[in-house]
Amino acid sequence: MPEGSGSHDGTSHLEGLNPEQRQATEHFEGPILVLAGAGSGKTRVLTARICHLVREHGVAPDRILAVTFTNKAAGEMRERIARFLGAAPAGMWVGTFHAVGARLLRRHADRLGWDRTFTILDADASLRLVKKVQESVGLDTKRWNPKAIRAEMSNAKNQLVDAGTFARDNEGSFDIFVRSVAKVFGPYQQALHDQNAFDFDDLLMKPVELLEARSELLRRYRERFAFILVDEYQDTNRAQFRFLELLAAEHGNLMVVGDDDQSIYGWRGADIRNILDFEKAFPGARVVRLERNYRSTRRILEAANAVIAENVDRKGKTLRTERTGGESITLVEAYDETDEARCVVEDIRVRYEQTPGSAYRDFAVLYRTNAQARALEDAFRREGTPYQVIGSVRFYERREIQDVLAYLRLISNPKDAGAFDRVVNYPRRGIGATSQERLTRWAAERGLTLLEAAARADEAPSVPAGATRGLRAFADLVQRYGLRATQVGVGELLEELVEELDLVRQLTDEGPDGEDRARNVAELVAGAVDFDADLVDSVSAEDVDTFTELDLFLQQVALVADVDKLDPDADAVTLMTLHNAKGLEFPVVYITGLEDGLFPLARAYDEPAELEEERRLFYVGLTRAKDKLFLSWARQRRRAGDFTYGTLSPFVEAIPRELRDEHLSARLRLVATSTPHRSRRRFHDDHEPRYEPEADGDYGVNQDLPRYVRGERVLHQTFGSGAVVEVTGFGRDLKVTVDFDDVGRKKLLVRYANLEKDWP
């Protein structure tokens, strides 16, 4: 469910605005920072101000640039503006930073040495290129993780550090990893240039490079975009800030909307200082706070306010609402992750059955790490409750979709070596790895692209006759479809290609999974058939004729490929990480895994800024809930193959006790009554007991604690009865290996296992 409760569509763009929203909307010239709390209607303010500029001040739509962080938000903004104005805002640029960057590069890439029909590499294609470059410079891909190398290069680009600067800055570094990245960075960028391609980070960095190097272009776009509006400003990085600074520094008509309390992407380059220091960067800026929340109950907001107040690095605001009362926040203490999942699913079942008109889509389960989804999915499957997981394998990342897109990329851009490598022998054409290596060497010697070399494979020495026939047939196919792309739409082109390759049969023959893959390809074809090049926002109308519909389709795919699909119409419980939940809202929200060390992550304690970001992430989770908030934690959890003991997250402790309704799971209530010698009470100020297992003893030193010998029988709360077969370690590291009667052999850390003697 999209954020933006409280919006009101009417004949007037000012209708329904509260006083603070109206202040922001009616602001005309000069910089303005709108601190928009969660659920405060920020999208409404952005669209209303654009309409106000057009209606009340006569600003032509093509003088306005509106930047969002998701394609979905851009589409919703465009639709709302069209409804208010009664017509589409012709000429106005609305899109993500990446889409706006791609649009500029489509117009001016030739000034940077690229052809304007460049390819945009998605994450998979970029990673493949990193691996290839690593191998070419002699860096072992097993020792040096290509994903880590790509992440370091991505971070550098987001900080506007190019390959040459990175190499100079790190050539004498004591950090061998950074020196390894420097070896890859330059050749990687050269490979992108040779293939007429940009990666996603280039779409942010290269437009800045373009505007800084070409003063006439900078003057042109400063004049063009007299008013700039930016959503989710707290998530901007250095490259994005510099892009805005270049365009807006002269006229200063920059409106940024954001919430410093929801800045949660520091790990991927976002700089919270951009919003905290906005008034320094743009002196005289007006600041408007949107603190009226239209989403959550008062109890939920009081909890969120109490949590975020512990952060030091913030502008400061307090959310308020006119919604009175509301349920208390439920806090459940569970035995382990399986018990926790069972509690969540059971609560959803009861609420669903007892609440008239409720739907499964009303419920969302949030967690800190993707690994936590496993136990939850198991519980939902056992109960038969429908659910959807956001953040698993995305549609465009699926193998079969990547294969088809590689064909299309190569047809669009014959220089794309990564696409060539991926599909030259798919479906099989008798072209082995050795033949490909020989062709690649020969192409490099002759200065040919791989596709050109394939067309002349009979001239290449040492390439077998069978492989030569396959290579020439492949080159002929790509060239034929390259011509065809200038004659037909992308939908017809793709239908013909899939049929000629006989992909549906090839995939179906792979078995049950193959049938799903075939359906995915059919969905891609359907999307291509429905594609309308006239609606592509990242290319100007006057430039559309420069590109084939295939070029524009591939660009559209590249710009949306990293977006997780949440189907708001599916009647299913939504499972996702807290990061993926940003911008969404649900009537009932469950936040699970609230143990210290898991949330916040243990490493966050090493750096105050990281701990504050973890707290902001918890705040984001709390403010997703409209009516009911359910928090849970587990005494023990299996992580990385071992059981770890949990204590309640300090983030939860910050929520006032009067807002929390605390419970033990049914299983823990049973443990507390049946084995009191295993637990101790910890009293809060109001003397209400909490139970937690006795886990701080030093096994092997404390003589009162049990010892274990091989052959004796033990009882485990989850695994049942079994026999000890091995005892290793000592003290707190004492481990036992037990052959359980029902689940087989398990190795357990004694201080967490809560084993009991299974007396005969």
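These questions and answers cover helix packing and a sheet in a predicted model.

The model is predicted, with local features needing pLDDT of at least 70, side-chain atom pairs counting only at pLDDT 80 or more, and totals for chains, interfaces and linings using all residues. Residues are numbered from 1 along each chain as its sequence is written, and side-chain values use heavy atoms, leaving out hydrogens and water.

Me: How are α5 and α6 oriented to each other?
Reply: Helices are DSSP runs of H or I, at least four residues, and strands are runs of E, at least two, numbered from the N terminus. Axes are lines fitted to C-alpha atoms, for helices over the stretch in contact, and angles run from 0 to 180 degrees between N-to-C directions. Helix α5 (residues 123-136) and helix α6 (residues 146-158) pack at about 105 degrees, axes 9 Å apart. Since 65 to 115 degrees counts as such, α5 and α6 are therefore roughly perpendicular.

Me: How many residues of the contact of α5 with α6 are charged?
Reply: Contact means heavy atoms within 4.5 Å. Leu127 and Lys131 of α5 take part, as do Ile149 and Arg150 of α6, among others. Asp, Glu, Lys and Arg count as charged. Beside 6 nonpolar and 2 polar residues, the charged ones number 4.

Me: Which strands stand at the edges of the sheet?
Reply: Two strands pair if DSSP finds at least two bridges between them. The open sheet of 6 strands runs β3-β2-β6-β7-β1-β8, with parallel pairing. Two strands have a single partner each, so one side of each lacks a neighbour in the sheet: β3 (93-96) and β8 (286-290).

Me: What is the bridge partner of leucine 33 in β8?
Reply: Strand β1 (residues 32-36) runs parallel to β8, joined by 5 bridges. In β8, leucine 33 has as its bridge partner valine 287.

Methods:
Parallel < 35°, antiparallel > 145°, perpendicular 65-115°, else oblique.
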